[in-house]
Amino acid sequence: MEKTMDIEFLGTGTSLGVPLIGCHCKVCKSSNAKDHRLRSSLLIKTESQNFVIDSGPDFRQQMLRTGIERIDGILLTHAHYDHVGGLEDIRAFNFLQQKPLDIYAQDIVVNDIHKKYDYAFVPNPYPGVPQMSLHVIDSESPFQIGDTEIVAVQAMHAKLMVYGYRIGNFAYVTDANYIPKKEIEKLRNLDVLVINALRKSKHLSHFNVKQALEVVTEVQPKRTYFTHISHDMGLHSEVEKGLPANVYLAYDGLEVRIN
């Protein structure tokens, strides 16, 4: 019997967020809250655990909005700033939980975290630095956090390998423009797929709407939510009307239950 799981979209925007600084397009000037997008991140709540996928520069704001006081693990997709720039703010959870926070990522991302946050890993670090317990994972075998099994899904972000994640009948893939056939097989029989769809026109390192829909057609999830959305996509209220059945634009604060 599958566990009930709740997901909350902490952020659904691109690296610059929406609205963009200095932009006067109709999306950036929209009064609809669904057009206001923090950097992409996701909260997963099982019956006994809380996980976050990516900790971007809006992490503090996102955590305050959720009100959660415990994180059992952060899963990183890759080491670009909009996905790891908020790791400094895990300090609040260090204080609350009285221990380092467990961070899970592929080896190249773990190496990057050591470089970006080198001051946190030196001998006798300054008091109050973020405390992280870094765990190297790979896409060849599932890994376990407590009683939750997680499968890493390899994808390509132009020439950079990124990881998506599958937990039960849910999967999350962002910042991808190609998923190898072997990894596509990991996305079969999903209740919910979250996948990046940057905009309608092509991009060198992200799926556009057409390409994301091709993945949806291939893996046939029951429901799909697009994330990592640019202001170039258009207004939420207009774009969603043109999507196929059971495909939706995610928005910040959206909560979805997966049984």
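Colleague: What joins β2 to β3?
Modeller: A hairpin of 4 residues joins β2 to β3. Helices (H or I, at least four residues) and strands (E, at least two) are DSSP runs here, numbered from the N terminus. This is a predicted model: local features need pLDDT of at least 70, side-chain atom pairs count only at pLDDT 80 or more, and totals for chains, interfaces and linings use all residues. Residues are numbered from 1 along each chain as its sequence is written, and side-chain values use heavy atoms, with hydrogens and water left out.

Colleague: How many bridges join β2 to β3, and do they run parallel or antiparallel?
Modeller: There are 4 bridges between β2 (residues 41-45) and β3, and the two run antiparallel. Leucine 42 has isoleucine 53 of β3 as its bridge partner. Two strands pair if DSSP finds at least two bridges between them.

Colleague: And which way do the β3 side chains point?
Modeller: From β3 (residues 50-53), Asn50 and Val52 point one way. Phe51 and Ile53 point the other way. All are buried, meaning under 20% relative accessible area, with exposed over 50% and partly exposed in between (1.4 Å probe, protein chains only).

Colleague: How does β3 run against β4, parallel or antiparallel?
Modeller: Parallel, with 3 bridges joining β3 to β4 (residues 73-75). Phenylalanine 51 stands opposite glycine 73 in β4. The chain crosses from β3 through helix α1 (residues 59-66) to β4, a right-handed β-α-β crossover. Right-handed means that, with the strands pointing away from the viewer, the path from the first strand over the helix to the second runs clockwise.

Colleague: What is the strand order in that sheet?
Modeller: The order is β6-β5-β4-β3-β2-β1-β14, an open sheet of 7 strands with mixed pairing. β6 (132-136) and β14 are the edge strands, each pairing on one side only. The twist averages 25° from one strand to the next. Axes are lines fitted to C-alpha atoms, for helices over the stretch in contact, and angles run from 0 to 180 degrees between N-to-C directions.

Colleague: What about β1 and β2?
Modeller: β1 (residues 5-11) runs antiparallel to β2, with 5 bridges. Isoleucine 7 stands opposite isoleucine 44 in β2.

Colleague: Which strands does α1 lie across?
Modeller: α1 lies across β1, β2, β3 and β4, at about 135° to β1. Helix α4 (residues 107-116) packs on the sheet too, touching β5 (101-105) and β6, and its direction makes about 155° with that of β6. Contact means heavy atoms within 4.5 Å.

Colleague: Switching topic. Where is arginine 257, and what is it in contact with?
Modeller: Arginine 257 is in β14 (residues 255-258). Beyond neighbours within four places in sequence, arginine 257 is in contact with Thr4, Met5, Asp6 and Arg223. Its side chain makes a polar contact of 2.8 Å with that of aspartate 6. A polar contact is a pair of N or O atoms within 3.5 Å; within protein, one must be able to donate a hydrogen and the other to accept it, and residues adjacent in sequence count only if both atoms are side-chain atoms.

Colleague: Now the sheet with β7 in it. What is the order there?
Modeller: β7-β8-β9-β10-β11-β12-β13, an open sheet of 7 strands with mixed pairing. β7 (143-145) and β13 (247-249) are at the edges with a single partner strand each, so one side of each has no neighbour in the sheet.

Colleague: How many bridges join β11 to β12?
Modeller: There are 5, and β11 (residues 192-196) runs parallel to β12 (residues 223-227). Asparagine 196 has threonine 227 of β12 as its bridge partner. Helix α6 (residues 209-219) packs on the sheet, touching β11, β12 and β13, with its direction at about 155° to that of β11.
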